[in-house]
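Welcome, and thanks for taking a look at this one with us. Here is a short briefing on a pocket and on some backbone details.

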Amino acid sequence: MRRIITLTLALLAFTAADAKAKKDLWPDGTPIDKWFANIQKVDEASFGKRYVITDYGVKTDSTLIQTAGIQEVIDQAALAGGGAIVVPKGTFLSGALFFRQGTHLIVEEGGKLKGSDRIHDFPIQETRIEGQTCKYFTALVNADGIDGFTIAGKGTIDGNGHHYWDEFWIRRKWNPECTNKDAQRPRLVYISNCKNVTVQDVHLVNSPFWTNHLYSSDHVRFLDCFIYAPTKGLKAPSSDAIDIDVCHDILINGCYMSVNDDAVAIKGGKGTWADKDPNNGPNYNIIIQNCHYGTVHGCLTLGSESVADRNIILRNIEVNEANRVLWLKMRPDTPQHYEYVTVENIAGTTGSFLVIRPWTQFFKMDERKDMPLSQCNNIVIKGIKMDCKNFFDIDTSDKYRLADFSFENITVTDKAKAFDKSLIENTKVKNVVINSVKQ
């Protein structure tokens with residue numbers, strides 16, 4: 001089965017490459033900037049001086065919390081004009097670390113930067129959580145206001161999430177309405193107000209909460225990363241692989257993602273007045289390509305905290321055991337507009353392929369007389385070869401409008417047999433075969 005999927009993906013990729021040679025445009029027809037064609041890794045030699053943490057008093061002791069010692073190395077490098085903070089072979093425990101302008105992080109093969117399992121080691125600061133700007137716990141790796149930051153190396157950044165997950169599920173059992181904010185957990189990587197960022201080759205695993213969170217940043221690349229959190233046994237709640245929050249010009253290429261929540265989630269704000277909050281905003285110009293998905297709730301999810309998303313492409317993807325491929329979460333309490341999204345050249349297996357339903361978890365509707373009608377429009381799905389439980393998992397509502405969807409060159413099995421183009425205004429169908437029947 002895997003060989004068939006691989007061959008199918010190769011054929012799809014060839015077709016996609018041929019189309020790309022002719023023209024590479026965003027879904028709204030505007031040209032894609034040449035920046036997105038650059039998947040070359042950052043040369044670690046360009047970082048300048050290497051600051052191997054064990055050369056500066058940090059001990060090779062996997063039982064000792066060494067936050068202060070590692071932070072001192074980062075600060076020393078920044079004062080000296082920058083350089084690479086190198087985690088060598090071995091396991092090094094730490095709380096929140098804050099990278100400065102000119103500094104980079106290299107985790108060498110066999111090296112592990114491991115997060116403390118005590119929330120005490122992650123100070124509270126103003127940050128972004130679940131579509132709101134508020135005070136919350138910092139991440140293990142933090143970069144704010146940096147132009148040109150890189151995380152590299154074939155080692156591991158390990159969130160050490162076991163105790164945090166255990167506590168979350170205990171809280172949820174005691175109080176089913178327990179939210180993510182109620183359970184005190186750090187994220188693994190938080191990149192905010194940055195530009196020209198690359199995260200390459202590293203293993204990002206076992207995050208207590210979201211694995212990678214980007215906020216108000218642009219020109220960020222994830223290249224060939226391995227992103228994982230447990231989906232069986234003691235599951236890692238809300239361990240999203242990559243959350244994109246009020247960002248633009250983002251490239252995710254060649255990554256493996258298997259987490260106990262959404263893989264790539266597009267965020268940006270929530271609440272009845274979310275479109276008026278200056279801390280919120282749109283996400284646009286995002287490409288996720290050449291990736292392999294294990295178990296995830298959604299391969300590409302817009303929402304649940306999202307205001308305006310435009311020009312997003314998911315392409316050339318292999319999917320195994322994903323619950324959903326494209327998930328458009330519609331919050332009745334938030335004005336949302338998702339438009340110009342293309343999902344193409346996808347192969348594998350999934351529960352539901354396209355899901356559009358109201359999202360009512362922990363929502364609060366305030367009174368607003370001029371509340372805009374939410375909508376999804378100009379969504380293109382093409383080049384699909386998959387086994388699905390439900391290809392077309394759609395629920396209409398008077399709270400949102402669905403229009404101008406296109407389905408093209410699709411061959412799927414579909415146990416639900418629920419495809420109904422009349423549910424979406426101006427739906428276009430071309431060469432769509434479901435359960436061997438042309439639609």
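The second largest pocket has a lining of 34 residues, and those nearest its centre are Glu130, Asn180, Trp359, Gln361 and Phe362. Please keep in mind that this is a predicted model.

**The second largest pocket**
- The top contributor is α3, which supplies 3 residues to the lining.
- By residue class, the lining of the second largest pocket holds 14 charged, 11 polar and 9 nonpolar residues.
- The space in the second largest pocket comes to about 630 Å³.

**A cis peptide bond**
- Between glycine 303 and serine 304 the peptide bond is cis, and its omega is near 5°.
- Serine 304 sits in the loop that runs between β24 (300-302) and β25.

**Positive phi values**
- As background, most residues other than glycine have a negative phi, and most peptide bonds are trans.
- Asparagine 285, a residue other than glycine, has a positive phi near 60°.
- Strand β22 (residues 283-289) is where asparagine 285 is found.
- Asparagine 285 counts as buried because its relative accessibility is 15%, with the cut-off for buried set at under 20%.
- Asparagine 345 is not a glycine either, yet its phi is positive, at about 60°.
- The strand that holds asparagine 345 is β26 (residues 337-358).
- With a relative accessible area of 6%, asparagine 345 is buried.

Technical notes
Residues numbered from 1 in each chain as written. Predicted model: local features only at pLDDT ≥ 70, side-chain atom pairs only at ≥ 80, totals over all residues. Heavy atoms only, no water. 1 Å grid on protein atoms, 1.4 Å probe; cavity = no way out; pocket = protein on both sides within 12 Å on 5 of 7 lines; lining within 4 Å. Points joined across faces, edges and corners; volume = space filled by probe spheres on them. Helix = DSSP H or I, 4+ residues; strand = E, 2+ residues; numbered from the N terminus. Nonpolar A, V, L, I, M, F, W, Y, C, P; charged D, E, K, R; others polar. Buried < 20%, exposed > 50% of the residue type's maximum accessible area, 1.4 Å probe, protein only.
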